[in-house]
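Here's a quick tour for anyone meeting this structure for the first time. Have a look at the sequence and the model, then read on.

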Amino acid sequence: MSALIRLYPRAWRERYEAEFLTLLEARPPTLYDRFDIVRGALDARLHPQVRSAEREDPSVPEGDRRIARVLGYAGIAGAILWPLSFLVMLAGPVVYDGDGAYRDGSAAFPFFFGAVVLMVAGLIGHLITLPRTAVVGRASALIAIPLFLLLGMGPWMWYFGLAAFFLVAVLAVTGQRAGTWSPWASFTVVCSVLGVMLIGVVGASLATDRMSGGAFFVVAGMALVPVWLAVGGTLMRDGQSVAAA
Amino acid sequence: MNRGFDELGRFAEPSLYILVSLADGPKHGYAIMTDVEAVSGSPMGPGTLYGALARLERRGLIEALEPEDRRRPYRLTALGATTLEAQLRSLSGFVATGLARVEGKAK
């Protein structure tokens, strides 16, 4: 039975686990009850009613939270610049060289670099608000920052970008466990990163030349827009309870 | 159901049963569960019970008392009592209207 209880979020267990187990000792659960417990655990994760003690961490002063919220706006701005950079790339002139045709997307560089810098700003915001006990999440954000700056050098540094986005997904999941990320924001980031990996695999096997490879690159880039929204949006709603859902 | 109960979604009905159960005095989880089963005639799962208890507690309609052994009793707050009364009056009006229409049609 304790395995089923572990499906509930930590904050919920801290508050209700002892009495819940006492109830189940008094009335051994039927098959329906076990299903009901799983459904209750899913609900507790999707619509948390109990605030995490870590979220109430008084070690994050209000001034720092305010800075983090401003950095959240930067994350949202990145969600505009990022797809804009891909649109500019798509509008670039077609250039022919000895290896065939490609689009010259150099005009998109300022937008691309700007979006990456705004993502870094968002990650700094999460470093400010994430509880010190969320070691994995903080380490992920910290390592992702230089990787994003390397990606900012240009799209050809995509492998650093892929690693950086993977680390943002780790940050989102650990942030959810710590109570600073909502389940939906965390789910969105994980789906986006997995989606990009899938697009990358499909693109690598189907793209026949640089033009078609570029098309897959653009699709993958667009699939990452929700990551900026989640990183920025999570910071902007910080200070309100996740339990507001 | 009024707006306060509407926002409880699938927990609206179990929450109403819990409030009715606590109307005659504090009870812990197991006592609420057995009382609700006796009143409603249908079982309430433990996940549903605690999903509803958490929502009611968060909205200040019930409050937890000091634990007795490992069992924690809950009691209705003043806000909970007012909300329950308003909800029951609303339902009784609905029932009266429904019955009047059904009886009028039967004549």
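## The overall layout

Helices here are DSSP runs of H or I with at least four residues, strands are runs of E with at least two, and both are numbered from the N terminus. Keep in mind that this is a predicted model.

So what does chain A contain? Ten helices and two strands. Walk along the sequence and the pattern goes α-α-α-α-β-β-α-α-α-α-α-α.

Of the 245 residues in chain A, 40% are buried.

## Where chain A touches chain B

The contact between the two chains draws 22 residues from chain A and 16 residues from chain B. Sorted by class, the side of chain A that touches chain B has 13 nonpolar, three polar and six charged residues.

## A pair of helices up close

Now for H5 (residues 109–129) and H6 (residues 135–151) of chain A: their axes come within 9 Å and cross at roughly 165 degrees. Angles over 145 degrees count as roughly antiparallel, so that is how H5(A) and H6(A) run relative to each other. The crossing of H5(A) past H6(A) is left-handed.

Which residues meet there? Among them are A:Val116, A:Leu123 and A:His126 from H5(A), and A:Arg138, A:Ile145 and A:Phe148 from H6(A). By class, this contact has twelve nonpolar, one polar and one charged residues.

Note on methods. Residues numbered from 1 in each chain as written. Chains lettered and ligands numbered in written order. Predicted model: local features only at pLDDT ≥ 70, side-chain atom pairs only at ≥ 80, totals over all residues. Buried ≥ 20, exposed ≤ 12 C-beta atoms within 10 Å, placed from the backbone. Contact = placed C-beta atoms within 7 Å. Nonpolar A, V, L, I, M, F, W, Y, C, P; charged D, E, K, R; others polar. Axes fitted to C-alpha atoms, helices over the stretch in contact; angles between N-to-C directions. Parallel < 35°, antiparallel > 145°, perpendicular 65-115°, else oblique. Left-handed = near helix turned anticlockwise from the far one by under 90°.
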